[in-house]
Amino acid sequence: MYKNILVPILLDDQHDTQGSYLAARALADEGAEFTVLHVMESIPSFVETQLPKDALEKSHDYAGKALKQSAAALPGAKTHLATGHPGRFIVDYAKEHGIDCIIIASHRPGIEDYFLGSTAARVVRHAQCAVHVIR
Ligand code: ADP
């Protein structure tokens, strides 16, 4: 059904990443491309100046490894680690890379009262391609 699928993920154990990967496989055309994306939130400069010099580099390395480890569950997927505002970055990345479907979890488990988390809501509202929401 889709040829170029973006799977934005959080690197914690609270979000249903496996569900996103299953949906990605089920919705993919033969030969489809997958990109698993994580966006690290920018740290305000007044906080950054208080951190040990290599703290950001270390957290970037850690996130890169965790992202690759997670994406191994979606064979053939590319990974992309970025820094910025997650909701805005995901929408812009999709537009700039010809993504035809974004697969996103609705929110973390346990807050079912909310229909969508803040990042998921922004993506659903602003993406110009299809968005498949895992609930
Ligand atoms: P909640 O506030 O309940 O965590 P979110 O909207 O932040 O809800 O998260 C829902 C989904 O949005 C995540 O499971 C993931 O798919 C995507 N997402 C949220 N933040 C990021 C991020 N920083 N990088 C990539 N994807 C993200």
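This is a predicted model: local features need pLDDT of at least 70, side-chain atom pairs count only at pLDDT 80 or more; totals for chains, interfaces and linings use all residues.

Reader: Why is N4 called buried?

Author: N4, which is placed in strand 1 (residues 2–8), has a relative accessibility of 13%, and because buried means under 20%, N4 counts as buried.

Reader: What makes the pairing of the N4 side chain with the backbone oxygen of H97 a polar contact?

Author: A polar atom of the N4 side chain lies 2.9 Å from the backbone oxygen of H97, and the cut-off for such a pair of N or O atoms is 3.5 Å, so the distance falls within the limit.

Reader: How do you know that the buried residues of helix 4 are on the same side?

Author: The buried residues of helix 4 (residues 86–96) are P86, G87, I90, V91, Y93 and A94. Because they cover an arc of only 165 degrees around the axis, they are put on the same side of helix 4. An α-helix has 3.6 residues a turn, so residues three or four places apart point the same way.

Reader: What do the buried residues of helix 4 pack against?

Author: They pack against strand 1, strand 2 (28–41), strand 3 (78–84), strand 4 (101–105) and helix 5 (118–126).

Terms used:
Residues are numbered from 1 along each chain as its sequence is written. Side-chain values use heavy atoms; hydrogens and water are left out. Helices (H or I, at least four residues) and strands (E, at least two) are DSSP runs, numbered from the N terminus. Buried means under 20% relative accessible area, exposed over 50%, partly exposed in between (1.4 Å probe, protein chains only). A polar contact is a pair of N or O atoms within 3.5 Å; within protein, one must be able to donate a hydrogen and the other to accept it, and residues adjacent in sequence count only if both atoms are side-chain atoms. The arc is that of the directions from the helix axis to the C-beta atoms. Contact means heavy atoms within 4.5 Å.
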